[in-house]
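Here is a short tour of a protein assembly, written to be read with the model open beside you.

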Amino acid sequence: MNHSEELLRRLPNDIGGLPAEAIRRTDHPLEPWEKRCHALADVLDFHKIINTEEKRRGVEALGAEMVGALTYYERWIATFAVILFQKRILAPDELAKRMDEVAARHSKVLP
Amino acid sequence: MSTHPHPHDHSHEVTHDHTPCADASEAPPGYYEVMEIAVRELLIEKQLIGPGEIRRQIEVLDSRSPALGAKVVARAWVDPDFRARLLTNGRKACEDFGISFYDDTELIVLENTETCHNLIVCTLCSCYPRPVLGLPPDWYKAKPYRARAVKEPRAVLAEFGTVIPADVEIRVSDSTAQVRFLVLPRRPAGTDGWSEEALAALVTRDAMIGVVTLDSQPLTESDGEA
Amino acid sequence: MHPSPSEPDPRPPFRPVTSVVLALGEAPAFRPGDPVRIGVRFPVGHYRVPRYIRGCDGVVESVITPMAVNNEIEGFGHNAGSKGHYYRVAIPLTALWPGYAGSPADNLRIEVFETWLERSST
């Protein structure tokens, strides 16, 4: 099977049995935004705006490079944005503008 | 953020004060945090989610931790009827015990015995019995554990300092669907007559994932209670 | 306790009513103890049957209740659809991994949707 076929046939999260390093017993207390992101995922699922299975599928659709490089909750929030665009709940431009506003709001507060 | 009272009766006044983060002393939010704030604000403005829902769900998440699972395990150790119900229908028994399941998951409780040791993993993502144990540790979500637990569980267990005798079956449960798993560890020897509370204090998160056993816990007389 | 796959639950189902006709798909296609083979195919975009179990032989341990929607379809956000059965299947690790070094009794348990299971004769 050639490489381009294999990229589609094996999702980037499907790693059971693949070679991997020794286990490092890592953990960290969630950042406040990470916990909010987790709560957002639950609330989106409660309302079936984005259900859990859609969230999984959306993370997979980010592709192997992003799945490998982004942190756990970075993958989640990026996925929520894309799915909300797909469902026409948000528009890409709308989110971009709001992100600029949020960033500006916080930079004003700080020196 | 969930500690300060925060009136949300002005539900149509938009959002900025709903941001449960970032007082001025903190560093400016990073790119992904900005995205999280922006998405949340827009969803609240469009009234797709209520302004208090995120805060409430954070309180729900904060109320779930391994201490809760430990209480379930201790009860199962001292109450044969509860243990039987727990093994028959984990979710129902936990709900009867007072633990709500805020998601659509089911729970199978896997009992470790003299002849069988259970280990749980989610190779495809990070499925975990969150209503009972809270959120999983990072290593549970990372590649080494997910990739190897189903292929060389004994080597993985050894890295946690756990050696299971060769004549004991290892049973690895890989979560893929709506079912979550909780391991019911073996009750440590020398704990006869201990109170439920003292027993619960012995039960660790890792034992309920199945990567350690409690047999090796150092037991002292003073851990027990009269 | 869940019966082990080699020992199907010996208790007869408690069914005082016998005149009820089940809708299509309501009765599980497989029973505890049935030998099954995991299908070999390659869905595009989303799946919940990991690659490492495809084509392997196992035994049904139990039928998962309640029935649920096929999660490959649910991944695209229908939030509805006909439900089917998931089965908890036991597969020996020696069957999954050639040269498996642990005990021959070591095994995997995994939930698989009905459409992925084939009857196997072994």
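## A helix under cover

In helix H3 of chain A, the buried residues are A:Glu53, A:Glu54, A:Lys55, A:Arg56, A:Arg57, A:Gly58, A:Val59 and A:Glu60. Please keep in mind that this is a predicted model. The helix spans residues 52-61, and because eight of its 10 residues are buried, H3(A) is largely enclosed by the rest of the structure.

What covers those buried residues? The cover includes three helices of chain A itself, namely H2 (32-46), H4 (64-69) and H5 (72-86). Other chains take part too: strand S4 (179-184) of chain B and helix H1 (71-74) of chain C are also among the covering elements.

At the start of H3(A), the backbone nitrogen of A:Glu53 has a side-chain oxygen of A:Asn51 within 2.9 Å. Just after the helix comes A:Gly63, with a positive phi of about 95°.

## Chain B on its own

Chain B has 226 residues, and 58% of them count as buried. Its secondary structure consists of 11 helices and four strands. If you take the contacts in chain B between residues at least 6 apart in sequence, 66% of them join residues at least 24 apart. The accessible surface of the chain is about 9200 Å², with 51% of that belonging to carbon and sulfur atoms.

The size of an interface is often given as the accessible area lost when the parts come together.

| Interface | Residues in contact | Buried area | Carbon and sulfur part |
|---|---|---|---|
| Chain B and chain A | 63 residues from chain B, 53 residues from chain A | about 5200 Å² | 66% |
| Chain C and chain B | 25 residues from chain C, 29 residues from chain B | about 2200 Å² | 54% |

Let us take the contact with chain A. There are 10 salt bridges between chain B and chain A. In one salt bridge, the side chain of A:Arg98 meets that of B:Glu45 at 2.5 Å, N to O. On the chain B side, the elements that give two or more residues are helices H1 (31-45), H2 (53-62), H7 (138-141), H8 (143-148), H9 (153-159) and H11 (205-209). Of these, H1(B) gives the most, with 14 residues. By class, the chain B side holds 35 nonpolar, seven polar and 21 charged residues.

Now for the contact with chain C. Here two salt bridges are found between chain C and chain B. C:Arg109 and B:Glu169 meet through their side chains in a salt bridge of 3.7 Å, N to O. Which elements of chain C each supply at least two residues to the side that touches chain B? They are strand S2 (57-69), strand S3 (83-92) and strand S4 (107-113). S4(C) gives the most, with five residues. The chain C side divides into 14 nonpolar, six polar and five charged residues.

Technical notes:
Residues are numbered from 1 along each chain as its sequence is written. Chains are lettered from A and ligands numbered from 1 in the order in which they are written. This is a predicted model: local features need pLDDT of at least 70, side-chain atom pairs count only at pLDDT 80 or more; totals for chains, interfaces and linings use all residues. Side-chain values use heavy atoms; hydrogens and water are left out. Buried means under 20% relative accessible area, exposed over 50%, partly exposed in between (1.4 Å probe, protein chains only). Contact means heavy atoms within 4.5 Å. Accessible areas come from the Shrake-Rupley method with a 1.4 Å probe; for residues, only the protein chains shown count as cover. Buried area is the accessible area (1.4 Å probe) that two parts lose on being put together, summed over both. A salt bridge is a side-chain nitrogen of Lys or Arg within 4 Å of a carboxyl oxygen of Asp or Glu. Ala, Val, Leu, Ile, Met, Phe, Trp, Tyr, Cys and Pro count as nonpolar, Asp, Glu, Lys and Arg as charged, and the others, Gly among them, as polar. A polar contact is a pair of N or O atoms within 3.5 Å; within protein, one must be able to donate a hydrogen and the other to accept it, and residues adjacent in sequence count only if both atoms are side-chain atoms.
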